[in-house]
Amino acid sequence: MTAAKPRLPLALYALTAGAFGIGTTEFVIMGLLMQMATDLGVSIAAAGLLISGYALGVFVGAPLLTAATSRLPRKTVLLALMVVFTLGNLACALAPNYEMLMLARVLTSLAHGTFFGIGAVVATGLVAADRKASAISIMFTGLTVATLLGVPAGAWLGLHFGWRATFWAVALIGVLATVVIATLVPKDHGERGGIAIREEAKVLARPQVLLGLAATVLGYAGVFAVFTYIQPILTRISGFSESAVSPILLVFGVGMIAGNLVGGKLADRRLLPTLIGSLTVLALVLGVMGFAMHNAIAAVLFTGLLGAAAFATVAPLQLRVLQQAQGAGESLASSFNIAAFNLGNAIGAWLGGAVIAHGPGLDAVPWTAALLTVGGLAIVLWSVRLEARRAAAPVLAPCVATD
């Protein structure tokens with residue numbers, strides 16, 4: 001009889017609480033896109049840029065803030081980031097126009113990448129070596145639960161009380177998450193003070209780290225090319241009413257939770273097969289969605305499958321970069337990979353908007369998204385091939401020497 005694995009520490013679930021708040025503010029606009037566009041007097045494509053602006057803010061803010069806070073205790077940094085997050089959402093709720101809302105979204109986004117980057121390092125440090133991917137997936141469960149509960153609730157609030165009410169609610173979530181992190185996450189013991197930023201930055205010169213980051217950008221861009229415009233896709237192509245979007249997003253959230261947890265467990269066992277397999281499935285789901293969204297039942301099914309396939313890739317992509325970046329630059333590489341996710345989000349949202357605004361139109365968005373994810377899969381396969389060649393080189397050398 002095998003001994004049961006020890007329970008995961010409560011501190012891990014405190015990180016999950018912070019991820020829930022950040023995930024809600026990142027994803028909630030998808031269920032409010034049409035209302036916000038109407039209220040602010042802009043097009044749907046312009047409203048979609050609020051998602052690109054947020055993602056680009058994460059891309060820039062993650063490495064800069066991680067570097068700037070490299071000598072501070074990780075718990076202190078996490079708490080400061082949750083304060084920035086809360087203030088940013090208050091600014092969103094009070095924004096008088098589109099330009100100020102964009103500025104507030106960018107402010108909010110600055111907390112995102114560094115929180116998940118440092119949080120992933122903290123999470124893996126709380127568990128045994130064979131549970132690191134699962135620890136990352138548990139923290140990212142906050143994002144999936146945000147999609148399951150936070151996004152549909154935010155869409156419902158926006159539909160009945162206006163989109164600003166949603167941001168007031170998210171700010172309250174930020175206050176609660178700050179309290180939970182302050183209470184449960186253990187203090188550091190000063191192990192970061194001796195690491196110079198130039199030493200951490202050396203990790204970015206490693207080819208496999210750079211390939212991992214590139215795979216994250218392209219692999220995940222396909223998700224947001226579709227998800228950013230899920231409301232108009234469901235209403236204008238699948239024929240659903242606006243009020244039906246919120247419950248359909250629940251299906252997406254259920255898929256995200258399932259895919260996230262399964263992806264984490266499989267990655268703990270065999271990382272590379274899980275990474276390659278999950279990206280392959282994601283590309284297939286996106287490709288078939290181009291046909292499926294014309295049927296109401298298939299649209300609901302594939303919305304759930306998209307959630308599952310999208311988040312099955314998250315823990316493998318993050319752990320792949322962490323494995324290649326072990327050492328002084330681990331936190332910086334982790335934050336860069338969160339930035340890479342969000343650069344992919346920005347590219348996907350922008351490209352989806354371009355396909356809608358300049359042709360061939362909303363129907364072609366899923367097929368465009370599938371091509372982006374195929375690009376990420378190709379980079380992973382290239383990375384694995386290079387790694388195999390490097391591993392084989394010392395074996396071949398003695399044979400050459402004896403000729």
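Here is a short chat about a predicted model of one chain.

Biologist: How many helices and strands are there in the chain?

Modeller: Helices do turn up in this one, and Gln318 sits in one of them, H14, which covers residues 314–324. As for the count, the chain has zero strands, and its helices number 16.

Biologist: What radius of gyration does the chain have, next to that of a compact globule?

Modeller: Start with the box: along the principal axes, the C-alpha atoms fill roughly 75 × 50 × 50 Å. A compact globule of 403 residues would come out near 22 Å, so the chain agrees with that, at 21 Å.

Biologist: Is Gln318 buried or exposed?

Modeller: Buried means under 20% relative accessible area. Gln318 has a value of 1%, so it counts as buried.

Biologist: And which residues is Gln318 in contact with, leaving aside its neighbours within four places in sequence?

Modeller: Contact here means heavy atoms within 4.5 Å. With those neighbours set aside, the partners of Gln318 are Ala120, Ile136, Ser334, Asn337, Ile338 and Phe341.

Biologist: Zooming out, what share of the contacts with a separation of 6 or more comes from residues 24 or more positions apart?

Modeller: For background, 58% of the 403 residues count as buried. As for those contacts, the share from residues 24 or more positions apart is 85%.

Notes:
Residues numbered from 1 in each chain as written. Predicted model: local features only at pLDDT ≥ 70, side-chain atom pairs only at ≥ 80, totals over all residues. Heavy atoms only, no water. Helix = DSSP H or I, 4+ residues; strand = E, 2+ residues; numbered from the N terminus. Buried < 20%, exposed > 50% of the residue type's maximum accessible area, 1.4 Å probe, protein only. Rg over C-alpha atoms; globule rule 2.2 N^0.38 Å.
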